[in-house]
Amino acid sequence: FEEAGFLKALGERQNPVSVKLMDGQIVQGWIEYYDKNMVRLTREGAPNLFIFKHEITYIAEESGKRK
């Protein structure tokens, strides 16, 4: 149940995050929405992504605030 609290906090603060996917790709943005199956990663200058949770290796909070 820690996952929901972590994602909720990230969404409320809109801090930048790095999301590493199962294929090794790393995408950056901020969590705008999440549910039990996926997260929405909002990005500046790039398309927003809906990422299934089973495709995520980890989510790391970046230092600093979103501009």
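## Basis of the model

The model is predicted, so local features need pLDDT of at least 70 and side-chain atom pairs count only at pLDDT 80 or more, while totals for chains, interfaces and linings use all residues. Residues are numbered from 1 along each chain as its sequence is written, and side-chain values use heavy atoms, with hydrogens and water left out.

Helices (H or I, at least four residues) and strands (E, at least two) are DSSP runs, numbered from the N terminus. Helix α1 has 12 residues, which should span 16 Å at 1.5 Å a residue; the expected span is 1.5 Å times one less than the number of residues. The end C-alpha atoms of α1 are 17 Å apart, in agreement with that value.

Although Gln 14 is not a glycine, its phi is positive, at about 50°. Most residues other than glycine have a negative phi. Gln 14 counts as partly exposed, with 25% relative accessibility; here buried means under 20% relative accessible area, exposed over 50%, and partly exposed in between (1.4 Å probe, protein chains only).

Strands β3 (residues 38–42) and β4 (residues 49–52) run antiparallel and are joined by 4 bridges; two strands pair if DSSP finds at least two bridges between them. Arg 40 has Phe 50 in β4 as its bridge partner. The two strands, β3 and β4, form a hairpin with 6 residues between them, and Gly 45 in the turn has a positive phi of about 75°.

## Salt bridges

The structure contains 3 salt bridges, each defined as a side-chain nitrogen of Lys or Arg within 4 Å of a carboxyl oxygen of Asp or Glu. In one of them, the closest N and O atoms of Glu 3 and Lys 53 are 2.6 Å apart. Glu 3 belongs to helix α1 and Lys 53 to the loop between β4 and β5, so this pair ties together parts that are 50 residues apart in sequence. Glu 3 is partly exposed, at 47% relative accessible area, whereas Lys 53 is buried, at 19%.

Another salt bridge joins Glu 61 and Arg 13, with 3.0 Å between the closest N and O atoms. This pair links distant parts of the chain, as Glu 61 is in strand β5 and Arg 13 in helix α1, 48 residues apart. Glu 61 is partly exposed, at 35%, and Arg 13 is partly exposed, at 38%. Lys 8 and Glu 12 also meet in a salt bridge, at 3.9 Å from N to O. Both lie in α1, 4 residues apart, about one turn of the helix.

## The largest pocket

The largest pocket holds about 150 Å³ of space. On a 1 Å grid over the protein atoms alone, a cavity is a set of points where a 1.4 Å probe fits but cannot get out, and a pocket is an open set with protein on both sides within 12 Å along at least five of seven lines; lining residues have an atom within 4 Å of a point. Grid points are joined across faces, edges and corners, and the volume is the space filled by probe spheres set on the points.

The lining consists of Glu 3, Phe 6, Leu 7, Val 39, Lys 53, Ile 56, Tyr 58 and Ile 59. The elements giving two or more residues to this lining are α1 (2–13) and β5 (56–61). By class, 6 lining residues are nonpolar, none polar and 2 charged; Ala, Val, Leu, Ile, Met, Phe, Trp, Tyr, Cys and Pro count as nonpolar, Asp, Glu, Lys and Arg as charged, and the others, Gly among them, as polar.
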